[in-house]
Amino acid sequence: MDVSRNAPCPCGSGRKYKACCAVKGHDRGKTWVGAIIALGVLIGGLLAGAALLRPERGDATAGQVWSEAHGHWHDAP
């Protein structure tokens, strides 16, 4: 349905369309953009945390050997 901006809102609120439901249609896009940004920040934080927790070659405990083939520590045989 095509409603002009200054016409009464079809939802029955008694307000003009531009001050009522016309604004609601534009907010939906902002919500999705915010959700996508929040998801990107969350994934970035998880990847950064995983990189900090990844064992490096110098982090061996007693009884472990470095595996070049796998790129991590194994228990010594």
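Visitor: Let me start with a residue I clicked on: is Cys9 buried or exposed?
Guide: Cys9 is buried, with a relative accessible area of 6%. Keep in mind that this is a predicted model.

Visitor: How many disulfides does the count come to?
Guide: The count is zero disulfides. Cys9 is in none, and its nearest cysteine sulfur, the one in Cys21, is 3.5 Å away. A pair of sulfurs has to be within 2.5 Å to be counted as a disulfide.

Visitor: Remind me, what's a disulfide in the first place?
Guide: It's a covalent bond that joins the sulfur atoms of two cysteines.

Visitor: What about Ala7, where is that?
Guide: Ala7 is in the segment before helix 1. Not counting residues up to four places away in sequence, Ala7 touches Arg15, Lys16 and Tyr17. From Ala7 to Tyr17 is ten residues in sequence, while their C-alpha atoms are 5.9 Å apart in space.

Visitor: Let's zoom out. How many helices and strands are there in the chain?
Guide: One helix and two strands. Going along the sequence, you read them as α-β-β.

Visitor: What share of the chain is buried residues?
Guide: Out of 77 residues, 9% are buried. The chain exposes about 6,400 Å², with 63% of that coming from carbon and sulfur atoms.

Visitor: And which residues make a nonpolar surface patch?
Guide: Leu39, Leu42, Ile43, Leu46 and Leu47 make one of about 520 Å². Leu42, for one, is in helix 1.

Visitor: How much do residues 24 or more positions apart account for in the contacts?
Guide: They account for 0% of the chain's contacts that have a separation of 6 or more.

Visitor: Last topic: where does Ser67 lie?
Guide: Ser67 is in strand 1, which runs over residues 64-67.

Visitor: Why does Ser67 count as buried?
Guide: Because its relative accessible area is 12%, and buried means under 20%.

Visitor: Which side chain does the Ser67 side chain make a polar contact with?
Guide: That of His70, at 3.2 Å. If you leave aside neighbours within four places in sequence, Ser67 is also in contact with His72 and His74.

Conventions
Residues numbered from 1 in each chain as written. Predicted model: local features only at pLDDT ≥ 70, side-chain atom pairs only at ≥ 80, totals over all residues. Heavy atoms only, no water. Helix = DSSP H or I, 4+ residues; strand = E, 2+ residues; numbered from the N terminus. Buried < 20%, exposed > 50% of the residue type's maximum accessible area, 1.4 Å probe, protein only. Polar contact = N/O pair within 3.5 Å; in protein donor to acceptor, adjacent residues only side chain to side chain. Contact = heavy atoms within 4.5 Å. Areas by Shrake-Rupley, 256 points an atom, 1.4 Å probe, with all protein chains shown as cover. Patch = residues over 30% accessible without salt bridge, like charges linked within 9 Å, V, L, I, M, F, W, Y side chains within 5 Å. Salt bridge = Lys/Arg side-chain N within 4 Å of Asp/Glu carboxyl O.
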